[in-house]
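The exercises below go through one structure step by step. Please try each task before reading its solution.

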Amino acid sequence: MAWGIALLTGACAQLPAVSARSWIFLILSGLATGASWLCYYYAIQNGQVSVVVPIDRLSILVTVLFSLAVFREKLSAKGWIGLALLTAGTVCMAVFTG
């Protein structure tokens with residue numbers, strides 16, 4: 001889909017300007033995403049979907065914690081409350097599925 005949009009908008013003309021380092025990160029990102037989806041589908045195949053999906057959704061917590069630790073990003077009070085509610089709801093879904 002992304003390549004289709006790039007072709008339709010003419011953005012592919014800028015591909016030669018992409019650095020080798022950026023290409024490496026793009027390729028590694030694609031491989032990591034593919035591996036993630038394979039693991040996700042394997043977990044769904046072998047586990048309870050009602051438990052696997054909420055655990056997968058906790059990736060937002062990992063992402064926010066990573067951005068706080070590595071990039072020193074700041075989170076507003078609303079952001080902290082939202083993150084706490086998302087995490088609590090996800091944990092409840094995983095724990096209290098029946």
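## Exercise 1: a residue and its helix

L61 is found in helix α4, where helices, like strands, are DSSP runs numbered from the N terminus (H or I and at least four residues for helices, E and at least two for strands). The model is a predicted one, in which local features need pLDDT of at least 70, side-chain atom pairs count only at pLDDT 80 or more, and totals for chains, interfaces and linings use all residues. Residues are numbered from 1 along each chain as its sequence is written, and side-chain values use heavy atoms, with hydrogens and water left out.

Solution. Begin with the classes: buried means under 20% relative accessible area, exposed means over 50%, and partly exposed lies in between (1.4 Å probe, protein chains only).

## Exercise 2: the packing of α4 and α5

Task: describe how α4 packs with helix α5 (residues 77-95), giving angle, axis distance, handedness and contact residues.

Solution. Two packed helices are described by the angle between their axes and the distance between the axes. Here the axes are lines fitted to C-alpha atoms, for helices over the stretch in contact, and angles run from 0 to 180 degrees between N-to-C directions. For α4 and α5 the angle is about 145 degrees, and their axes are 10 Å apart. The crossing of α4 past α5 is left-handed, a word used if the near helix is turned anticlockwise from the far one by less than a right angle, with right-handed used if clockwise. I60, L61, V64 and L68 of α4 make the contact with W80, L83 and T87 of α5. These residues divide into six nonpolar, one polar and no charged, where Ala, Val, Leu, Ile, Met, Phe, Trp, Tyr, Cys and Pro count as nonpolar, Asp, Glu, Lys and Arg as charged, and the others, Gly among them, as polar.

## Exercise 3: two partners of α3

Solution. Start with helix α2 (residues 20-46) and helix α3 (residues 49-57), which pack at an angle of about 155 degrees with their axes 8 Å apart.

The crossing of α3 and α5 is left-handed. On the α3 side the contact is made by S50, V51, P54, I55 and R57, and on the α5 side by T90, M93 and A94, a set with five nonpolar, two polar and one charged residues.

## Exercise 4: S67 and R72

Task: find whether S67 is buried or exposed, and then do so for R72.

Solution. S67 lies in helix α4 (residues 59-70) and has a relative accessible area of 13%, so S67 is buried. The side chain of S67 reaches the backbone oxygen of V64 at 2.8 Å. Not counting residues up to four places away in sequence, S67 touches R72 and E73. Moving on to R72, its place is in the loop between α4 and α5, and with a relative accessible area of 64% R72 is exposed. Although R72 is not a glycine, its phi is positive, at about 55 degrees.

Notes: Polar contact = N/O pair within 3.5 Å; in protein donor to acceptor, adjacent residues only side chain to side chain. Contact = heavy atoms within 4.5 Å.
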